[in-house]
Amino acid sequence: MLTISNLQAAVEGKEILKGIDLQINKGEVHAIMGPNGSGKSTLAAVLAGREDYEITGGSVTFEGEDLLEMAPEERAQAGIFLAFQYPVEIPGVSNTNFLRAAVNEVRKARGLEPMEPKDFLTTIREKAALMEIDQTMMSRSVNEGFSGGEKKRNEIFQMAMLDPKLAVLDETDSGLDIDALKIVATGVNKLRSPERAFVVITHYQRLLDHIVPDFVHVLYKGRIVKSGGKELAHELEAKGYDWIKAEFAEEIAS
Amino acid sequence: MAREEFDILDEVVTSEYKYGFVTDIEQDIIPIGLNEGVVRMISAKKNEPEWMLEWRLKAYRHWLTMREPTWQNVTFPPIDYQAVSYYAAPKQSAKPQSLDEIDPELRATLDKLGISLDEQKRITGVEGTPRIAVDFVMDSVSVATSFKEKLKELGVVFCSISEAIQEHPELVKKYISTVVPTNDNYFAALNSAVFSDGSFCYIPKGVRCPMELSTYFRINAENTGQFERTLLIADEGSYVSYLEGCTAPMRDEHQLHAAVVELIALDGAEIKYSTVQNWYPGDKNGKGGIYNFVTKRGVAHKNAKVSWTQVETGSAITWKYPSVTLKGDNAVGEFYSVAVTNNHQQADTGTKMIHVGKNTKSRIVSKGISAGRSQNSYRGQVRVNKTADNARNFSQCDSLLIGDRCGAHTFPYIEVANTTATVEHEATTSKIGEDIIFYFNQRGIDTEQAVAMIVNGYAKEVMNQLPMEFAVEAQKLLAISLEGSVG
């Protein structure tokens, strides 16, 4: 589904990603872990098409298409969803209006008619129940006045509405207490399917207790330095990132 | 800010101005220049009574002693008032008696502008929408007015001001220049001297006008100015909702539009006045466009209400402060405004609320949106006189910036001479940032649509004040005015 080859990216001339290789197939959940500043969020932003980053080398293909050639909205329409680490507030635009526009744009790109208002409301009701989202939130402006937990839940709710093929969760656990974390993780688990792949970016192992990954990759100084199964996350939790830093400091420096 | 945004802002393009066409019709146009002879000629063309001519001449002589105002936050080269023609009228043998007699060229123009004078047809097919009576003013004259007979049954007078001077001289004489004196300001004085037409409306006591009344202003001729005058009187306990729209062809030179609007709400009356102003704003380099220098003021007597709503997207320069004098006790004044500037447009707009009566209330909601290299100023005055016990005002002035080469300015003036008054002022400035746009993009929504959604959300409080038929048009207009303002 997604093939990342030797991907390099820089921001304001500073190289952040130094050659990432990653193959993600349908139905798989990949966790990407790493210490602060290792390039995790950069990877998420580059996949989503954020323009602050300059691609300096490598390639990314999504379902056979050159992803890097696509505009951010085209990537979204093709089925890539990014759950933001810091979702923005959009005053004056209600959740309902925002979602209707998003759902219909994605449908249009897939050659479908806009959703009938009645069906749209039914879908909203279903998905909101699934994500344990309060209906009254729908008439409020997007993320405005939401607590940190509500914002993250809203991201997962949007994901459920847009039905993506590949979902990238950028530190969705950051700033969440354990109860909020569980709700978010439960929501994500409900969306797991053989057709959908996930990239779960996190600093801590605790999210992966709830969203159990098929693969764990450790990102350090812009490279994936270690890959393994879910046990790798536990090993990291036990040994800390210093272990990685010590092991790879020399190699990276050279 | 990211480099990319700079690159994208360089690509700022003007959207196509939809109404930039010219109607090819024979004109009755007088030579350029302004002197007493021209004032007399206009008055004679209109076959006006002596008192009207004297009124004009007085205004003209006063104008000669005045100077153009310079306090506004806009810049433009000096206007040569001798290079303008002060009267242009499409040639029609006489004002048509029925709508079937309208010149086909004019009909085509109306169709292009989407205006229906057809009394049988409901506006834009929405089932159950109320009908709208329209007065169409092209250049210097009113071309046609619809629904006149129907309104007459209720005693409502809705016609061009020229007709009103002929047919209802007592009303015109009693009320004209009582709200905006002929010597009020430079442009009002000029207007008084040379105004050629406009709309007149009188709602009798206790009548609730059953349909929206509207005037559509169109500048067509070259090298002319448009000076229209609107006088609207709502007698005791009556109600009227009035709409005003305007467009002009795309021309390389600037054209002057100096209008005067006077509203009189007598005891217990309510006037709701809505404007969607879409004069040609000039091209993306700031060439051409209308100078919109307008004086609008209403007076609210006891228990009366005057409410202004304006959506301003056009004009190269806008200079306009629809105001309310709250003269009677318990009078209410409202001002809701969305002013959009893009490219090189400049707007200095706002309101004045003058509290004279006791327990008077005013509310100001101003939303400025600036994009491109434009400058957008809000200028508002709230004055509470000594006599105005328990006056209340609430003002909210918000500015939204798109890109980083535009400017937003707020100039509030608050003068309170009565200690029982409550005056509140809130202001915010926000920017449509890259991160918000990216959030939309990541959900599959392109940038144009994102900006339209943000702007319409931002302006919602004002848009909600517009009559429904207008609100949809105004929303589209906002989106079009800002097309290409963000990459």
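## The interface

Chain A brings 31 residues to the contact and chain B brings 21 residues, where contact means heavy atoms within 4.5 Å. This is a predicted model, in which local features need pLDDT of at least 70, side-chain atom pairs count only at pLDDT 80 or more, and totals for chains, interfaces and linings use all residues. Residues are numbered from 1 along each chain as its sequence is written, chains are lettered from A in the order in which they are written, and side-chain values use heavy atoms, without hydrogens and water.

About 2,300 Å² is buried between chain A and chain B. Carbon and sulfur atoms give 62% of that area. Buried area is the accessible area (1.4 Å probe) that two parts lose on being put together, summed over both.

## Salt bridge and chain A side

One salt bridge is counted between chain A and chain B. A:E155 and B:R443 form a salt bridge through their side chains, at 2.6 Å, N to O. The rule asks for a side-chain nitrogen of Lys or Arg within 4 Å of a carboxyl oxygen of Asp or Glu.

Several elements of chain A give two or more residues to the side that touches chain B, including α3 (95-109) and α5 (148-162). α3(A) gives the most, with six residues. Helices here are DSSP runs (H or I, at least four residues), numbered from the N terminus.

## Around A:L166

Which residues does A:L166 touch, not counting those up to four places away in sequence? Among them are A:M1, A:F62, A:I80 and A:V199.
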